[in-house]
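Here are my notes on this model, as numbered points. Please read them with the structure open.

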Amino acid sequence: MLVVTSNDIPGWEIRQVCGEVFGLTVRSRNAFSQMGAGFKSLVGGELKGMTSNLVNSRNEVMGRMIEEARNRGANAVIAMRFDTSEMGDTWTEICAYGTAVIAVPVTDAARETAALLGYSQAGGSHQPAPPAQPIPAG
């Protein structure tokens, strides 16, 4: 699945908009991690446990967003963003969202990218489809 933060994909034609998609998780904070982070903030430096948790959470919500896009027949997500918010003192909501689309490469460079992503006519499971025909999940 091609996921970009831009509103279009250079060299690709957006043939169909499948709708907004998102992935969401709500995480509670680990009390021991919070204490460790508090001590670490006194001396400075990276909070590795918190960084790891954020990376895992972002990967999880992106996976959920991509799965929703596949379920809608899309082969790409444009205008992807992350959003976070605090819920009370102990919960954090993390969301990835964007617009699911069916996009078809129209330039040689875009066709090369498509082949690298497995969209090639030579047997990739995610072949670009004509308008209004969903891409098989894979």
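**Notes on the fold, core and surface**

1. Order of elements. Starting at the N terminus, the chain runs β-β-α-α-β-β-α. That gives 3 helices and 4 strands. Keep in mind that this is a predicted model.

2. Overall numbers. The chain has 138 residues, and 31% of them are buried. Its accessible surface is about 8100 Å². Carbon and sulfur atoms hold 54% of that surface. Among contacts with a separation of 6 or more, 72% join residues 24 or more positions apart.

3. The main core. Which residues have the most contacts inside the largest nonpolar core? They are L2, I9, W12, M65, A69 and V77, in a core of 25 residues. At least two core residues come from each of strand 2, helix 2 (48-71), strand 3 (76-87), strand 4 (91-105) and helix 3 (108-116). Strand 4 supplies the largest share, with 6 residues. As a general background, nonpolar side chains tend to be buried together in soluble globular proteins.

4. Around I9. What does I9 touch, once neighbours within four places in sequence are set aside? Its partners are L2, V4, A76, I78 and A103.

5. Backbone at A79. A79 is not a glycine, yet its phi is positive, at about 55°. The residue lies in strand 3. Is A79 buried or exposed? Its relative accessibility is 17%, so A79 counts as buried, because the cut-off for buried is under 20%. Please look at this residue in the display.

6. Cysteines. C18 has 15% relative accessibility and therefore counts as buried. C95 is buried too, with a relative accessible area of 13%. How many disulfides does a search of the whole structure find? The search finds 0. For reference, a disulfide is a covalent bond between the sulfur atoms of two cysteines.

7. Surface patch. F22, L24 and Y97 make up a nonpolar patch on the surface. Together they have about 240 Å² of accessible area. F22 sits in strand 2 (residues 12-28). Its relative accessible area is 40%, so F22 is partly exposed: that class lies between the 20% limit for buried and the 50% limit for exposed.

Technical notes. Residues numbered from 1 in each chain as written. Predicted model: local features only at pLDDT ≥ 70, side-chain atom pairs only at ≥ 80, totals over all residues. Heavy atoms only, no water. Buried < 20%, exposed > 50% of the residue type's maximum accessible area, 1.4 Å probe, protein only. Contact = heavy atoms within 4.5 Å. Areas by Shrake-Rupley, 256 points an atom, 1.4 Å probe, with all protein chains shown as cover. Disulfide = S-S within 2.5 Å. Patch = residues over 30% accessible without salt bridge, like charges linked within 9 Å, V, L, I, M, F, W, Y side chains within 5 Å. Salt bridge = Lys/Arg side-chain N within 4 Å of Asp/Glu carboxyl O. Core = buried A, V, L, I, M, F, W, Y, C linked by side-chain atoms within 4.5 Å.
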